[in-house]
Amino acid sequence: MGVSETVEVTGHLMDSGILSRVLDDIREYGGDFVIEEFDVGHEAHDPSSARITVEAPDDASLQRLLMRLQTRGVNQLGHGDAAVATSEQDGVLPDGFYATTNLATQVRLGGRWYDVDRPEMDCGLVVEDSAAGDPRVRTVPLSDVTRGMRIVVGAAGIQVSVPSSGPSVEAIRPFDADGPERPQTVLVRQVADGMRQARAAGTRLLWVAGPGVVHAGGVPAMAALVRAGWVDVLFAGNAVAALDIETALYGAGHDSTSPPGHEHGHEHRVRAVNTIRKAGSIERAVHAGVLASGLMHALVTEGKRFVLVGSVRDDGPLPEVHTDIVEGQRAMRDEIHDLGYCLMMATQLYAVATASILPASVPLVCVDINPATVTRLADRGTGQGRGIVTDVGLFLEQLALELVAD
């Protein structure tokens with residue numbers, strides 16, 4: 001006989017496929033299960049609930065299984081306090097650490113529940129003293145673990161909450177691939193409505209962009225959205241900024257919809273990056289009149305935030321680009337607050353990176369011509385969100401028509 005624990009999951013278990021995934025997870029982790037109770041909602045909008053006893057060969061296996069099930073919103077019925085261990089070296093979590101999800105999480109300490117600050121997947125949980133005297137619990141990535149931190153271990157004393165379907169998260173739904181069979185005008189309007197709700201609630205709008213935005217001729221529309229107040233912060237790589245600046249300096253006109261030319265493309269890109277480096281930064285180049293158009297120009301002139309994180313392929317790179325990846329991750333995390341909507345455009349790398357640090361409560365839409373990008377996000381564990389397969393240039397033009405005229 002192994003060890004067992006009783007858990008419960010609530011939601012639209014049948015039509016969303018959650019129950020099937022939960023049972024698959026139990027088998028995949030070498031466990032067994034007995035469904036003790038199963039209550040199917042009477043109406044289509046009613047939630048269902050299931051109570052399941054799960055069994056594993058030993059406690060260590062059971063704890064890992066319970067952590068996995070919590071990524072599906074499954075919680076234990078019985079709650080004691082969470083166990084805490086001390087990290088023994090920098091950058092290393094204690095054995096058996098609790099691996100976090102991006103769902104809203106609470107930890108039980110001293111008989112009381114405490115909310116986890118800024119839920120993020122694939123981190124540990126560190127317990128700290130606060131000025132008020134109560135413990136503070138927050139996520140901590142491996143790179144930020146220091147010796148002596150008190151880290152939550154095991155799955156006991158932890159519960160998660162799946163976002164409910166309310167006005168603030170209306171755009172959240174399981175990832176699908178809305179393609180040509182759905183009228184794009186309807187999809188754009190739904191995205192625009194979600195962004196309007198976020199702005200009306202006083203929350204910030206996060207954009208994540210790849211170089212495809214420039215190549216598809218989407219810069220004028222996105223710059224117009226920046227100037228109209230629909231972009232609060234941008235995450236991107238060196239390539240987006242370099243291509244945008246190259247187009248502004250060497251394209252056919254300052255607000256050209258044409259992407260950089262290919263005949264002298266590499267030379268122009270290097271010269272464009274060199275021009276910005278000579279000015280000292282993108283911001284200085286804008287204020288000096290060296291850079292007079294484009295997406296980066298709009299962000300600077302409107303005082304909007306942007307985080308550029310580099311890669312091994314970068315030209316230059318531009319002065320503002322974080323070339324230390326860990327520092328780049330930290331800069332991105334610093335902007336993950338007060339967010340009401342996230343729109344990802346034509347980038348698999350930065351979309352996955354951002355989705356990994358976003359709380360599940362933030363409505364997320366990924367727009368890409370490649371269906372694999374949407375699939376990759378879903379496989380990564382980002383269960384809440386929406387994927388739209390289309391040309392990003394046309395999508396941005398339609399979105400600007402919806403929002404800029406407001």
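User: How many helices and strands does the protein have?

Analyst: In this predicted model, the protein has 13 helices and 17 strands. Of its 406 residues, 48% count as buried. The protein exposes about 18600 Å², with carbon and sulfur atoms supplying 49% of that area. As for contacts with a separation of 6 or more, 70% of them come from residues 24 or more positions apart.

User: Let's turn to H5. What makes this helix "largely enclosed"?

Analyst: Buried means under 20% relative accessible area. Seven of the nine residues of H5 are buried, so the rest of the structure largely encloses this helix. The buried ones are Val 219, Ala 221, Met 222, Ala 223, Ala 224, Leu 225 and Val 226.

User: What covers those buried residues of H5?

Analyst: The cover includes strand E12 (204–209), helix H4 (212–215), E13, helix H6 (238–250), H9 and H13. Just after H5, Gly 229 takes a positive phi of about 90°.

User: H13 is part of that cover. How do you know that its length is close to the expected one?

Analyst: H13 spans residues 392–403, twelve residues in total.

User: Which residues of H13 are buried, and what caps its N-terminal end?

Analyst: Val 392, Gly 393, Phe 395, Leu 396, Leu 399, Ala 400, Glu 402 and Leu 403 are the buried residues of H13. The cap is Asp 391, which places a side-chain oxygen 3.0 Å from the backbone nitrogen of Gly 393.

User: Now the charged pairs. Why is the pair Asp 193 and Arg 196 called a salt bridge?

Analyst: The cut-off is a side-chain nitrogen of Lys or Arg within 4 Å of a carboxyl oxygen of Asp or Glu. The closest N and O atoms of Asp 193 and Arg 196 are 2.8 Å apart, so the pair meets that rule. By this rule the count comes to 22 salt bridges. Asp 193 and Arg 196 are three residues apart in helix H3 (residues 184–200), so about one helical turn separates them.

User: What makes Lys 304 and Asp 232 a link between parts apart in sequence?

Analyst: Their side chains meet in a salt bridge at 3.8 Å, N to O. Lys 304 lies in the loop between helix H9 (295–301) and strand E14 (305–308), and Asp 232 in the loop between helix H5 (219–227) and strand E13 (233–236), so the pair ties together parts 72 residues apart in sequence. Lys 304 has 22% relative accessibility and therefore counts as partly exposed.

User: Where do Glu 267 and Arg 271 lie, and how do you know that they are partly exposed?

Analyst: Both are in helix H7 (residues 265–279), four residues apart, about one turn of the helix. Glu 267 is at 37% relative accessibility, so it counts as partly exposed, and Arg 271 counts as partly exposed because its value is 45%. Elsewhere, salt bridges that share partners join Asp 117, Glu 128, Arg 136 and Arg 138 into one network.

User: Two loop residues next. Why is Thr 101 called buried and Asp 95 exposed?

Analyst: Both lie in the loop between E5 and E6. Thr 101 has a relative accessible area of 4%, which is under 20% and therefore buried. Asp 95 has 77%, which is over 50% and therefore exposed.

User: What does Thr 101 touch?

Analyst: Leaving out residues up to four places away in sequence, Thr 101 touches Gln 70, Thr 71, Pro 119, Glu 120, Met 121 and Val 160. A polar atom of its side chain also lies 3.0 Å from the backbone nitrogen of Leu 103.

User: Finally, which residues make the nonpolar surface patch, and why does Met 14 count as exposed?

Analyst: Met 14, Ile 35, Phe 38 and Val 40 make the patch, which is about 360 Å². Met 14 has a relative accessible area of 52%, which is over 50%, so it is exposed.

Notes. Residues numbered from 1 in each chain as written. Predicted model: local features only at pLDDT ≥ 70, side-chain atom pairs only at ≥ 80, totals over all residues. Heavy atoms only, no water. Expected span 1.5 Å × (residues − 1). Buried < 20%, exposed > 50% of the residue type's maximum accessible area, 1.4 Å probe, protein only. Polar contact = N/O pair within 3.5 Å; in protein donor to acceptor, adjacent residues only side chain to side chain. Patch = residues over 30% accessible without salt bridge, like charges linked within 9 Å, V, L, I, M, F, W, Y side chains within 5 Å. Areas by Shrake-Rupley, 256 points an atom, 1.4 Å probe, with all protein chains shown as cover. Contact = heavy atoms within 4.5 Å.
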